[in-house]
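Please keep the sequence and the structure in view while reading.

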Amino acid sequence: MDKKQSYYIELAKIASKQSKDPRTKVGSCITKDGKILSLGWNGPPRKLNDSLVPFDCRDKTKPLKEQKYPYILHSEVNSILNYAGQLNDLVGSSLYVTVFPCHNCALQIIQAGIKEVYYLEDYGGDSESDKMSKFLFDQCGVSYKKLEN
């Protein structure tokens, strides 16, 4: 990992500390031409009262309203939505993220025009989601590289 990559991934790690989820902390940093464009972390949307989020419930057999998942934006999406400029400014940018993007985030990364993804950990090892993300990235010309922590 070069010096710039190390700096940007450290920013993603710092951003992850903003997550209010007690179990899962994911952060991301979008850069372009040596500039930091945006940071993001996983968590509920801005106007949602955090006390409504059942952070401890990961049981997918429970009703959707009782699970944490429908309340949480992933870090990658949050960093795209947190960008204060025009979305077309993200075209050709790089994303540094602590955990490899799930397939839903991969779709949004591709749509935003992000060209490369650097990450520290796999999302689910050799999960179907990881495979699908890599397939989508390969098909759409988005490069990805796991960085050594």
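The model is predicted, so local features need pLDDT of at least 70 and side-chain atom pairs pLDDT 80 or more, while totals for chains, interfaces and linings use all residues. Residues are numbered from 1 along each chain as its sequence is written, and side-chain values use heavy atoms, without hydrogens and water.

**The helix**

The buried residues of H4 are Ser 129, Asp 130, Ser 133, Leu 136 and Phe 137. They lie on the same side of H4 because they cover an arc of only 130° around the axis, taken from the directions from the helix axis to the C-beta atoms. An α-helix has 3.6 residues a turn, so residues three or four places apart point the same way. These buried residues pack against the elements below (contact: heavy atoms within 4.5 Å).

| Element packed against H4 | Residues |
|---|---|
| helix H3 | 103-112 |
| strand E4 | 116-121 |
| strand E5 | 143-146 |

Helices (H or I, at least four residues) and strands (E, at least two) are DSSP runs, numbered from the N terminus. Just after H4, Gly 141 has a positive phi of about 75°.

**The sheet**

Five strands form an open sheet in the order E2-E1-E3-E4-E5, with mixed pairing; two strands pair if DSSP finds at least two bridges between them. Strands E2 (35-41) and E5 are at the edges with a single partner strand each, so one side of each has no neighbour in the sheet. E1 (residues 27-32) and E3 (residues 94-99) run antiparallel and are joined by four bridges.

Terms used:
Buried < 20%, exposed > 50% of the residue type's maximum accessible area, 1.4 Å probe, protein only.
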